[in-house]
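Here is a brief report on one protein model and its ligand. Please look at the site first, then the rest of the fold.

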Amino acid sequence: MKSTCSAHPNLALIKYWGKSDSQLNIPASPSIGISLEAFRSTTLISTGNYENQKSDEAVGTSAASSGAKISWRVRIDGELYNPLRYADFFADTALHYGGGDIHVEVESSNNFPTAAGLASSAGGFAALAGAVDSALKLNLDQNGISALARRGSGSASRSVYGGFVQLDRGAFHAVQLHDRDFWPQLRCLIVQLRSAAKAISSRTGMETSRKSSPFYKAWIADSLLLAPEARQALAEKNLRALGPMMRRSYLRMFSTMFSCEDPFIYWEADSLLIIKTAEELRRQGVDVYETMDAGPQVKLITTEEFLPRVESALREIDMERSTTPSAVGGGLEFSR
Ligand code: PMV
């Protein structure tokens, strides 16, 4: 049995950072994100005979409640991945699986760098959840696929839906707020400064913030106030209201990292240069607002109208980077 599913990464305008249950991967802060059309993760699954873990350390195993055993092996862009990173995901898969012993061979590819703060885990786990649901006949609905994707990565639960999506504090799955056609003028310019994988995963970063930042509690309390306000600004398609809220969200998120016992900084000097360029553009009347995730890349949210101005301002900066404009994309796509 083979199944192919693809998904776009989902960029948070209002950030998820911190878990209320790290075992089940439940978010402690509400987030609102958009699907990025320009980037895509595609996952092909082929099933076969159950493989014993002892014969290959790239193989992971888990048992379904029926007693059936599931083994898996994951390659991303041709490279074998540590099966432990997928253990929670397949433990959850096993809860829904009703068939006999089976092996799941996963081959995933991204048209952008993996684990470099471009939300590769979001598109990757969403596409994996869709492909696993179809190949193993789990018969999950969209919310069920979102909840399964969440076990791999919180942001992946948002990637299952297209358009504008919210993942609430304490939620098991995300919900779509508006479909992809809701705000056709909205654009994201992704400024990629480094393609190397990040040294600290978002999972580790969140846990470090939760355990050792004196600002963590304030971050969570504040994000509960910010999210509904941002949701309202989004419903009104009011970028001048939403943009400053986006900036508060990502800068307050980073404040929890800068204030840890052992602080960590994902930013590069060039990231700050882009932040300052956006600031200058706003002074000139351009509607552009930046956001960042667990990596040095900067994402600039603007409109179709202002995109050329933003692109030309970036061309004037002498630095190594690649820029990709993106509209808001859709959700999962299946092909055979
Ligand atoms: O869900 P994860 O483990 O990929 O973490 C996402 C963390 C951020 O990208 C920084 C924020 C977000 O809401 O996507």
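How many Å separate an oxygen atom of the ligand from an N or O atom in the side chain of Ser202? The distance is 3.1 Å.

## Basis

This is a predicted model, in which local features need pLDDT of at least 70, side-chain atom pairs count only at pLDDT 80 or more, and totals for chains, interfaces and linings use all residues. Residues are numbered from 1 along each chain as its sequence is written, and side-chain values use heavy atoms, with hydrogens and water left out.

## Polar contacts and burial of the ligand

A polar contact is a pair of N or O atoms within 3.5 Å; within protein, one must be able to donate a hydrogen and the other to accept it, and residues adjacent in sequence count only if both atoms are side-chain atoms.

## The shell

Residues around the ligand include Ala12, Tyr16, Trp17, Arg158, Met206, Met253 and Asp293. To be near, a residue needs a heavy atom within 4 Å. By class, the shell has 5 nonpolar, 5 polar and 2 charged residues. Here Ala, Val, Leu, Ile, Met, Phe, Trp, Tyr, Cys and Pro count as nonpolar, Asp, Glu, Lys and Arg as charged, and the others, Gly among them, as polar.

Helices α4 (154-159) and α5 (202-212) each supply at least two shell residues. Helix α4 gives the most, with 3. Helices (H or I, at least four residues) and strands (E, at least two) are DSSP runs, numbered from the N terminus.

## Helix α1

Phe89, Phe90, Asp92, Thr93 and Ala94 are buried in α1 (87-96). Buried means under 20% relative accessible area, exposed over 50%, partly exposed in between (1.4 Å probe, protein chains only). Those buried residues pack against strands β7, β8 and β10 and helices α2 and α3. Contact means heavy atoms within 4.5 Å.

## Cysteines and Lys137

The model has 0 disulfides, counted as pairs of cysteine sulfur atoms within 2.5 Å. Cys5 is buried at 0% relative accessible area. Cys260 is buried too, at 6%.

Lys137 sits in the loop between α2 and α3. Lys137 is exposed, because its relative accessibility is 55%. Beyond four places in sequence, Lys137 touches Met1 and Val132. His96 is 41 residues away in sequence, yet 9.1 Å away in space, C-alpha to C-alpha.
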